[in-house]
Amino acid sequence: MEWIRIEDDLPEDLENVLFTDGKDVYKGYINKSVWGEWNYWFSISDVGIEDVTHWMPLPTMPKV
């Protein structure tokens, strides 16, 4: 899997993904419906993350 630039594509609204601000990696989601045209990224603990640059889908779980 490769990182996707947010300028190129965005995940589905509220879909859990991995994303980064270039300093840290977070698990969370994008909320496209907050405040109209703005996109807001939230970590899984609902903390807002600014300056997100890239995202990728979560890896598939291993088979046990």
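Visitor: How many residues lie between strand 2 and strand 3 in the hairpin that they form?

Guide: A strand is a DSSP run of E with at least two residues, numbered from the N terminus. Four residues separate strand 2 and strand 3 in this hairpin, and glycine 22, in the turn, has a positive phi of about 90 degrees. The model is predicted, so local features need pLDDT of at least 70 and side-chain atom pairs pLDDT 80 or more, whereas totals for chains, interfaces and linings use all residues. Residues are numbered from 1 along each chain as its sequence is written, and side-chain values use heavy atoms, with hydrogens and water left out.

Visitor: What is the order of the six strands in the open sheet?

Guide: Two strands pair if DSSP finds at least two bridges between them. Here the order is 1-6-2-3-4-5, with antiparallel pairing. Strand 1 (4–5) and strand 5 (48–49) are at the edges with a single partner strand each, so one side of each lacks a neighbour in the sheet.

Visitor: Which residues does phenylalanine 19 stand opposite in strand 3 and in strand 6?

Guide: Phenylalanine 19 faces tyrosine 26 in strand 3 and tryptophan 55 in strand 6. Four bridges link strand 2 to strand 3 in the antiparallel sense, and strand 2 also has four antiparallel bridges to strand 6 (residues 54–57). Further along the sheet, strand 3 (residues 25–31) is joined to strand 4 (residues 40–43) by four bridges, again antiparallel; there, tyrosine 29 has phenylalanine 42 as its bridge partner.

Visitor: Which residues make up the largest nonpolar core?

Guide: Such a core is a set of buried Ala, Val, Leu, Ile, Met, Phe, Trp, Tyr and Cys residues joined through side-chain atoms within 4.5 Å. Its eight residues are Val17, Phe19, Tyr26, Ile30, Trp41, Ile49, Val52 and Trp55.

Visitor: Is serine 43 buried or exposed?

Guide: Buried means under 20% relative accessible area, exposed over 50%, and partly exposed in between (1.4 Å probe, protein chains only). Serine 43, in strand 4, is buried at 8%. Threonine 20, in strand 2, is buried at 11%. Isoleucine 4, in strand 1, is partly exposed at 24%. The C-alpha atoms of isoleucine 4 and histidine 54 are separated by 5.2 Å, although these residues are 50 apart along the chain.

Visitor: Which elements give two or more residues to the lining of the largest pocket?

Guide: On a 1 Å grid over the protein atoms alone, a pocket is an open set of points where a 1.4 Å probe fits, with protein on both sides within 12 Å along at least five of seven lines; lining residues have an atom within 4 Å of a point. The lining of the largest pocket includes Ile6, Leu10, Trp41, Ile49 and Asp51. Strand 4 and strand 5 are the elements that supply two or more lining residues. By class, the lining has seven nonpolar, two polar and three charged residues, where Ala, Val, Leu, Ile, Met, Phe, Trp, Tyr, Cys and Pro count as nonpolar, Asp, Glu, Lys and Arg as charged, and the others, Gly among them, as polar.
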